[in-house]
Amino acid sequence: RLSRRLKLVASYLPKSAYFADIGSDHAYLPVTVCSHDLSAKALAGEINEGPFKAAKQHVGAYGLHDRIEVRRGDGLTIIEEDPVKQVTIAGMGGSLIRSILETGEEYLKSVDLLILQPNVDSYDLRHWMVTSPFSLVDEQILEEDGHIYEVLVAKRGQSGFNEMSYKQLLLGPILMKEKSKPFISKWKRERDNKERIVEQMKLATSPNQLKIDQFIKDIQLINEVIEND
Ligand code: SAM
């Protein structure tokens, strides 16, 4: 059974999707999607030998070799010339996802939908989106097994958020309006961490005032949004 986290990622794929899942590990996502939708096709990309083999095995066990091609390679390069329409990248840090998108932008020519699930640093992805050909159209946050995950969805074109304030980049323009339970717990925890770090930084022999000010600014922004919750 697919995790709720990956189910949420899958729920943004259209019927008859033709997508590349980058960092696919066991190819759980493509296998589930293609088992449920007989008109869906996918590429599963893996940089590491172990997960690459596991993905091949899993796809074979489900008899899906004809619709899921497992390729070994770095990031988006595995797309080569294939006209995939959607890209999913899940379970990595936001800065790694960003660098995969940035370095492989030429492979996104036929892609009109990105479904990204950063474990941390979703700021980096939103920041990339405002200067990329894609714009943020939806965001979700969920808690599973004690972890909090975010899913960011971007479409080619200007239909989403083309500009975001620092606060929106940090917290997410949609998530900060919804203020769901996992959102509040995430940002309470982040704020408490930042407060602890500020206290520690102040104790240093030569405190980095710029850094301290940045953390204090973040704490204020977070408090503005989660106060009274
Ligand atoms: N996407 C799956 C999920 O969400 O459950 C697997 C996540 S797993 C934590 C991250 C996977 O990304 C690992 O299998 C790793 O080998 C792969 N990976 C890391 N960097 C990569 C890159 N630059 N290109 C392709 N795969 C990469």
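In the predicted model, the chain is divided into two domains, with domain 1 spanning residues 4–167 and domain 2 spanning residues 182–226. The C-alpha centres of domain 1 and domain 2 are separated by 31 Å, and the contact between them draws five residues from domain 1 and five residues from domain 2. On the side of domain 1 that touches domain 2, strand β6, which covers residues 134–144, gives the most, with three residues. Sorted by class, this side of domain 1 holds three nonpolar and two charged residues, and no polar ones.

The surroundings of the ligand were examined next. The ligand is surrounded by 16 residues, of which the closest are G23, D25, I47, A90 and G91. Two or more residues of this shell are supplied by each of the elements β2 (41–46) and β4 (86–92), and the largest share, amounting to three residues, comes from β4. In terms of residue class, the shell around the ligand consists of seven nonpolar, six polar and three charged residues.

Several helix pairs were then considered, beginning with the helices α1 and α2. Helix α1 (residues 4–11) and helix α2 (residues 28–36) have axes that come within 10 Å of each other and cross at roughly 55°, an angle that makes α1 oblique to α2. The crossing by which α1 passes α2 is right-handed. In this pair, L6, V9 and A10 of α1 meet Y28, L29, T32 and V33 of α2, and by class the contact comprises six nonpolar residues and one polar residue, with no charged residues.

A further pairing is formed by helix α4 (residues 94–103) and helix α5 (residues 122–131), which pack at an angle of about 30° with their axes 7 Å apart. Because angles under 35 degrees count as roughly parallel, α4 is described as roughly parallel to α5. The crossing of α4 and α5 is right-handed. On the α4 side the residues involved are G94, S95, I97, R98, L101 and E102, and these meet S122, Y123, D124, L125 and W128 in α5. The contact of α4 with α5 is made up, by class, of five nonpolar, three polar and three charged residues.

Helix α8 (residues 181–202) and helix α9 (residues 209–226) form another pair, with axes that come within 9 Å and cross at roughly 155°. Since angles over 145 degrees count as roughly antiparallel, α8 and α9 are assigned as roughly antiparallel to each other, and the crossing of α8 and α9 is left-handed. The contribution of α8 to this contact consists of I184, W187, K188, E190, R191, K194, E195, I197, V198, M201 and K202, while that of α9 consists of K211, I212, F215, I216, D218, I219, I222, N223, V225 and I226. Divided by class, the residues of the contact of α8 with α9 comprise twelve nonpolar, one polar and eight charged.

Terms used: Residues are numbered from 1 along each chain as its sequence is written. This is a predicted model: local features need pLDDT of at least 70, side-chain atom pairs count only at pLDDT 80 or more; totals for chains, interfaces and linings use all residues. A residue is near a molecule or strand if its C-beta atom, placed from the backbone, lies within 6 Å of it. Helices (H or I, at least four residues) and strands (E, at least two) are DSSP runs, numbered from the N terminus. Ala, Val, Leu, Ile, Met, Phe, Trp, Tyr, Cys and Pro count as nonpolar, Asp, Glu, Lys and Arg as charged, and the others, Gly among them, as polar. Domain bounds come from an automatic or database domain assignment. Two residues are in contact if their C-beta atoms, placed from the backbone, lie within 7 Å. Axes are lines fitted to C-alpha atoms, for helices over the stretch in contact, and angles run from 0 to 180 degrees between N-to-C directions. Angles under 35 degrees count as roughly parallel, over 145 as roughly antiparallel, 65 to 115 as roughly perpendicular and the rest as oblique. A crossing is left-handed if the near helix is turned anticlockwise from the far one by less than a right angle, and right-handed if clockwise.
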